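User: I would like to learn how to read the features of a structure one at a time. Please give the general idea first and then the case at hand.

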Amino acid sequence: RKLYLSVLAINPSNQVAKKAIKRLESQTGTQLNVVQPNNPPVEDLRRLMALSAEGQHAKVEKSCHDLLNEYSASVVLLNILGVSERLQGKFDAAIETFKAAVELDASYVDSYNNYGLCLHDAKQYEEAVALYKTALKIKPDFPEVHHNIASSLHLLERNEEAIESYRNAIRYNPAYVKAHYGLGNVLRGLRLYDDAVQSYESAIQFQPDMGLAYRNILEIHDNRNDPSSLEQTLNRARKYFSPENHYLLYFEARLAYMKSDLESARSSLEAIELDGLVGRTKNQCSDLTGKVYDRLGQYDKAFEQFEITNTLISLGRNGCIKQLRIVSHGWRYLSYHLDLDESQTRRMASVLNQLKTEREQAELDEKRSTTALANLLEQGTPTLAEAREALAGRVESAEKLREETAKAAVVISDFLD
């Protein structure tokens with residue numbers, strides 16, 4: 001009896017020990033005291049959860065270790081400890097903690113869910129999916145687990161499975177905002193824009209001030225060049241965001257730019273604090289600001305903005321090409337800063353337009369060749385001659401683009417002073 005109770009003190013879900021104790025009960029006619037998971041008092045657990053809600057994860061971690069000295073078989077404590085370690089970025093420690101929790105009680109679904117979240121954060125998505133599936137075997141109607149498995153599946157580019165999992169999460173919790181939003185992201189990535197907008201709108205229905213959902217809807221309308229829908233969404237978003245919100249200002253500028261109201265666009269863009277922005281958002285604002293200044297004829301300011309986005313052709317006085325990424329009307333900045341006369345400006349524009357045409361043709365030929373090769377492979381194993389023939393157009397266009405680029409370098413160098 002003592003040995004079996006010791007086993008259950010370490011692992012309360014151990015079925016062999018439980019069955020053995022039942023046999024002892026039937027033999028002796030005595031009701032034995034089966035050890036249950038020894039959790040600390042509710043007050044201690046509430047205190048830990050309050051500290052976690054305040055973001056004091058290091059204090060939570062220390063308190064859990066102290067309590068585990070007394071309540072070593074508490075799977076609840078282990079889960080709280082693992083979460084605190086995960087939120088501090090201590091993934092290795094958290095993984096070991098969740099392993100211990102799973103071994104302690106294989107039926108405690110939160111252990112698998114939190115363990116999966118930890119592996120997801122560590123970018124071990126396949127392993128995370130396996131743990132979530134185990135959790136769903138224990139509790140199939142757990143919406144958070146369906147959401148979490150969808151997140152990992154999305155990053156694994158298993159989009160159809162991700163869509164199904166997000167929809168399962170919504171089925172079990174129709175007001176699950178994060179699931180609606182995540183589903184919208186998957187659909188948007190698949191270019192199912194109408195469905196994506198519908199999912200984002202569902203998220204907003206349950207959380208009217210969800211800025212990320214508004215931003216993604218605005219980007220979809222912007223990319224589709226749909227000023228009417230863009231304006232309608234902006235009008236709704238203004239109810240929940242301050243006038244200084246940089247996303248709001250950016251899309252107000254985009255709407256004004258679509259309507260050729262350049263002064264209003266400039267006013268909105270100049271109200272954005274670019275120094276506080278990073279990455280894609282800063283590039284979007286700088287690129288649009290450059291375009292607005294360009295159309296207003298303020299070329300110095302336009303040049304500065306396009307330098308920020310790193311998309312400007314920059315030619316030195318010696319004609320050396322420093323960057324080859326071309327932006328709309330790039331030659332106008334060059335002509336302004338290189339003091340080109342009207343004849344030189346026309347020649348520069350002609351050279352760049354020709355390069356643009358050849359590049360577009362090369363991209364088209366590449367797609368055609370890929371399609372031709374795919375069709376050939378579907379028919380069986382092609383011969384070397386057949387494969388070469390399928391790729392001939394791509395090779396020819398690449399050679400032509402190389403020739404036109406070389407000619408452009410010579411021509412530009414020739415007419416620059």
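Analyst: This is a predicted model. We can begin with the overall make-up and then go to single features.

User: How many helices and strands does the protein have?

Analyst: The protein has 21 helices and zero strands. Of its 417 residues, 43% are buried. Among the contacts in the protein with a separation of 6 or more, 48% are between residues 24 or more positions apart.

User: How do I read a helix pair, and at what angle do helix 5 and helix 6 cross?

Analyst: Take the distance between the axes, then the angle, then the residues that touch. The axes of helix 5 (residues 75-87) and helix 6 (residues 91-104) come within 8 Å, and the crossing angle is roughly 165 degrees. Angles over 145 degrees count as roughly antiparallel, so helix 5 is roughly antiparallel to helix 6. The crossing of helix 5 past helix 6 is left-handed.

User: Which residues make the contact of helix 5 with helix 6?

Analyst: Helix 5 contributes V75, L78, N79, L81, G82, V83, E85 and R86, while helix 6 contributes F91, A93, A94, T97, F98, A100, A101 and L104. Sorted by class, the contact of helix 5 with helix 6 has 11 nonpolar, three polar and two charged residues.

User: At what angle do helix 11 and helix 12 pack?

Analyst: Helix 11 and helix 12 pack at about 165 degrees, and their axes are 8 Å apart. Helix 11 is therefore roughly antiparallel to helix 12. Helix 11 passes helix 12 in a crossing that is left-handed. On the helix 11 side the residues are V177, H180, Y181, L183, G184, N185, L187 and R188, and they meet Y193, D195, A196, S199, Y200, S202, A203 and F206 in helix 12. The contact of helix 11 with helix 12 divides into nine nonpolar, five polar and two charged residues.

User: Are helix 7 and helix 9 roughly parallel or roughly antiparallel to each other?

Analyst: The angle decides. Helix 7 and helix 9 (residues 143-155) cross at roughly 25 degrees, with axes that come within 11 Å. Angles under 35 degrees count as roughly parallel, so helix 7 and helix 9 are roughly parallel to each other. Helix 7 passes helix 9 in a left-handed crossing. The contact involves N113, L117 and H120 of helix 7 together with V145, N148, S151, S152 and L155 of helix 9. Its classes, for helix 7 with helix 9, are three nonpolar, five polar and no charged residues.

User: H120 is part of that contact. Is H120 buried or exposed?

Analyst: Relative accessibility is the value to consult. H120 belongs to helix 7 (residues 109-121). The cut-off for buried is under 20%, so H120, at 17% relative accessibility, counts as buried. Leaving out residues up to four places away in sequence, H120 touches Y125, A128, Y132, S151, S152 and L155.

User: What does a positive phi look like here, and where is R191?

Analyst: Look at the residue type, then at its place in the chain. R191 is not a glycine, yet its phi is positive, at about 65 degrees. R191 lies in the loop between helix 11 (177-189) and helix 12 (193-206), the pair that packs at an angle of about 165 degrees. With a relative accessible area of 65%, R191 is exposed.

User: Where is N225, and what is its phi?

Analyst: N225 is in the loop between helix 13 (211-223) and helix 14 (227-237). Its phi is near 55 degrees, again a positive value in a residue other than glycine. The relative accessible area of N225 is 56%, so N225 is exposed.

User: How many disulfides are there?

Analyst: A disulfide is a covalent bond between the sulfur atoms of two cysteines. In this case a search of the whole structure finds zero disulfides. As for burial, C118 is buried at a relative accessible area of 0%, and C285 is buried at 1%.

User: How should I compare distance in sequence with distance in space, and how far apart are A398 and E366?

Analyst: Set the two values side by side. A398 and E366 are 32 residues apart in sequence, and their C-alpha atoms are 8.9 Å apart in space. A398 sits in helix 21 (residues 384-415). With a relative accessible area of 43%, A398 is partly exposed.

How values were computed
Residues numbered from 1 in each chain as written. Predicted model: local features only at pLDDT ≥ 70, side-chain atom pairs only at ≥ 80, totals over all residues. Heavy atoms only, no water. Helix = DSSP H or I, 4+ residues; strand = E, 2+ residues; numbered from the N terminus. Buried < 20%, exposed > 50% of the residue type's maximum accessible area, 1.4 Å probe, protein only. Disulfide = S-S within 2.5 Å. Axes fitted to C-alpha atoms, helices over the stretch in contact; angles between N-to-C directions. Parallel < 35°, antiparallel > 145°, perpendicular 65-115°, else oblique. Left-handed = near helix turned anticlockwise from the far one by under 90°. Contact = heavy atoms within 4.5 Å. Nonpolar A, V, L, I, M, F, W, Y, C, P; charged D, E, K, R; others polar.
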